[in-house]
Amino acid sequence: MHATRCIIPVVKSPKDYQTYRISPDDTNRLAIIFDSANANASLTCCIEIFDVGGKTPPNRHQWALEIFFVLKGEGIAVCDGKSVKIQAGDSLLVPPTGTHLIRNTGSSRLYTLTIMVPNEDFAELIRSGVPVELDEEDMAVLGRLDSLMPC
């Protein structure tokens, strides 16, 4: 019989997330949940929040695949010139080298759980941006309005 090794998981709540706009004029924000710094693995996992009309710039990754799970809202995903509508509950997988963007086409914010594997310097790019805070609307979507209350 082999001994099993128990690893204590890392648990975070929205109040622990560090949130950034990569550039000051960006219309989306990224709240880092896990990355190479705290997951001991080459990945980036974040909540991506798109303002009304917000979008990512067209971008591509050499080795990483990127997964988007739509938590709330609706938008359009474009990859290599092909467009598809996305809405809450949809999942999107962007393969390496696919030039892609996500655009919020709804009347409220668009929220995605965004995961990139391997990291390919995504977390470092996010952290080089402008720090911002999650607001009450964000916390309501993330189910943690209590995180805004003073202790």
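This is a predicted model: local features need pLDDT of at least 70, side-chain atom pairs count only at pLDDT 80 or more; totals for chains, interfaces and linings use all residues.
Is Asp135 buried, partly exposed or exposed? Asp135 has a relative accessible area of 28% and is partly exposed, where buried means under 20% relative accessible area, exposed means over 50%, and partly exposed lies in between, with a 1.4 Å probe and protein chains only. Residues are numbered from 1 along each chain as its sequence is written, and side-chain values use heavy atoms, with hydrogens and water left out.

Let me stay with the charged residues. The structure holds 6 salt bridges, a salt bridge being a side-chain nitrogen of Lys or Arg within 4 Å of a carboxyl oxygen of Asp or Glu. Asp135 forms one of them with Arg109, with the closest N and O atoms 2.9 Å apart, and this pair links distant parts of the chain, since Arg109 is in the loop between E8 and strand E9 (110-117) and Asp135 in the loop between strand E10 (130-132) and helix H3 (136-141), 26 residues apart. Helices (H or I, at least four residues) and strands (E, at least two) are DSSP runs, numbered from the N terminus.

Arg109, which counts as buried at 15% relative accessibility, also meets Asp138 in a salt bridge at 2.8 Å, N to O. Here the partner sits in helix H3, 29 residues from Arg109 in the chain, and Asp138 counts as buried at 0% relative accessibility. Through shared partners, salt bridges join Arg29, Arg109, Asp135, Glu137 and Asp138 into one network.

A further salt bridge is formed by Arg127 and Asp35, whose closest N and O atoms are 2.8 Å apart. Because Arg127 lies in helix H2 (residues 122-127) and Asp35 in the loop between E2 and helix H1 (36-39), this pair ties together parts that are 92 residues apart in sequence. Arg127 is partly exposed at 29% relative accessibility, whereas Asp35, at 2%, is buried.

Now to the strands, where two strands pair if DSSP finds at least two bridges between them. Strand E1 (residues 18-21) pairs with E2 in the antiparallel sense over 3 bridges, Tyr20 having Leu30 in E2 as its bridge partner, and a hairpin of 6 residues joins E1 to E2. On to E3: E2 and E3 run antiparallel and are joined by 6 bridges, with Cys45 in E3 as the bridge partner of Phe34. Of the 7 residues of E2, 6 are buried, so E2 is largely enclosed by the rest of the structure.

Which elements give two or more residues to the largest nonpolar core? That core has 10 residues, including Tyr17, Ile33, Cys45 and Leu142, a nonpolar core being a set of buried Ala, Val, Leu, Ile, Met, Phe, Trp, Tyr and Cys residues joined through side-chain atoms within 4.5 Å. The elements in question are strand E2 (28-34) and strand E3 (44-50), and E3 supplies the largest share, 3 residues. A second, separate core of 9 residues includes Val70, Ala77, Ile86 and Leu92.

Lastly, an open sheet of 3 strands has the order E6-E5-E8 with antiparallel pairing. Strand E6 (82-87) and strand E8 (100-104) each have a single partner strand at the edges, so one side of each is left without a neighbour in the sheet. Strand E5 (residues 74-79) is joined to E8 by 5 bridges, and Gly75 stands opposite Asn104 in E8.
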